[in-house]
Amino acid sequence: MSKSFDVVVIGGGPGGYIAAIRAAQLGFNVACIDEWKNDKGGPAPGGTCTNVGCIPSKALLQSSEHFDHAGHHFADHGISLSDLKIDIAQMTKRKDTVVKQNNDGILYLFKKNKVTFFHGRGSFAKAGEGAYEITVTGAAEESLVAKHVILATGSNARQLPGAAFDEDRLLSNDGALRIPSVPKTLGVIGSGVIGLEMGSVWRRLGAQVTILEALPSFLGACDEQVAKEAQKAFVKQGLKFEFGVKITEVKTTATDVTVAYTNAKGEAVSLNVERLIVSIGRVPNTIGLNPEAVGLKLDERGAIVVDGDCKTNLPNVWAVGDVVRGPMLAHKAEEEGVAVAERIAGQHGHVNFNTVPWVIYTSPEIAWVGQTEAQLKTEGRAYKTGSFPFMANGRARALGDTTGFVKFIADAKTDEILGVHIVGPFASELIAEAVVAMEFKASAEDIARICHAHPSLSEATKEAALAVDKRTLNF
């Protein structure tokens, strides 16, 4: 016999579990279906983000940064070490523990908010009058009936044509998190978020890392000044970059991977490495969803087609996160999940793509929100800028990390903040102030007139805002 719910969410990643919890808080009878499994076959909700993305990568970044600091920076603080070594098995164990704690936390939140959880794959069976029948395939098959369906099935790593992931030598983000020992040589195809973060982890631990990028320049999506500063820092650390490459062939053996490509000059080049990470983007995941059963519309990329409110072409069927248009970011999915739950309740959910922050958790960290100078020039909009280097910030000097700067872009007439771009220590945390300011349509002067703690990295934010009007405080 079918079990009936007001809302059924398919997918337990950031968009899905947040949508389910918010819908339950709003008084709906909610179920969430998720098929991720832990190493014992048990439920592991949290999607790509928790299991093989945001959370485990940050755990490894933290471990590798500790190792790097111990080997290269502790002596500056009067701390001496001998026989420094890394235990990859222990590092991986810690990462797995962090992941499990997040999985368990989500299950606890489901229980606390009375969300019924089903462990398995959810798919459409058929559409009925005012409801949809959903089949759950798992340890035991279930049949659910839902008035509203929220699809949050996420995305999968994009593969190179003719080079399927084996997660041993040829790695997606999943395999990159489970390398059993430090490779002497590591190749990375793609200099985006995943490529830079995973390349940084293994470079810190001793690998010689080469990053191949098809685009002609580094981080084309972010501010040009930020990209140049970040690239300079990464090269100094030992990361090797090649831009404008075209991959022609990838061959794997039991011991290595060979990548044949043409470089920016059109010359044929070959790179031989122990392991290769492919991070060339992600594709929407609708595997097993059975959209044909109900006539759910997909676009040419395989993404679910939605309008500005995340409504699909079907009544009372919604979709959020990586499986729809927009940036593939966990926090964007969360915002959409909350907004959809509130819209189902008759409220006015809010998502502003222009104030969704972007962060790369390397060292230096890179974060931005809003528009770049290049975008504003294309629009023909008059603007002014101001920036301030961490080199002149007392807290950054005390931390021993003065790389980078904060940059503000404001409207030339109204002084409204149009974009904020940061490269440097704790950029991931500093960007939040800019997001709040932009949501409230603040001016650069508003930030400049707010009292910031001293000494703090946020003083660089204040100074950059002051610099928009060519003023400085000279701490």
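Me: Helices (H or I, at least four residues) and strands (E, at least two) are DSSP runs, numbered from the N terminus. In which helix is the place of Ser 64?

Reply: This is a predicted model, in which local features need pLDDT of at least 70, side-chain atom pairs count only at pLDDT 80 or more, and totals for chains, interfaces and linings use all residues. Residues are numbered from 1 along each chain as its sequence is written, and side-chain values use heavy atoms, with hydrogens and water left out. Ser 64 falls within residues 54–72, and that helix is α3.

Me: Does Ser 64 count as buried or exposed?

Reply: Buried means under 20% relative accessible area, exposed over 50%, and partly exposed in between (1.4 Å probe, protein chains only). The relative accessibility of Ser 64 is 0%, so this residue counts as buried.

Me: With which side chain does the side chain of Ser 64 make a polar contact?

Reply: Beyond its neighbours within four places in sequence, Ser 64 is in contact (heavy atoms within 4.5 Å) with Val 201, Arg 204 and Leu 205. A polar contact is a pair of N or O atoms within 3.5 Å, where one must be able to donate a hydrogen and the other to accept it. At 3.0 Å, the side chain of Ser 64 makes one with that of Arg 204.

Me: What radius of gyration does the chain have?

Reply: The radius is taken over C-alpha atoms, and the globule rule is 2.2 Å times the number of residues to the power 0.38. For 475 residues a compact globule would come near 23 Å, so the chain agrees with its 24 Å.

Me: What share of the residues of the chain counts as buried?

Reply: The chain has 13 helices and 21 strands. Of its 475 residues, the buried share is 51%.
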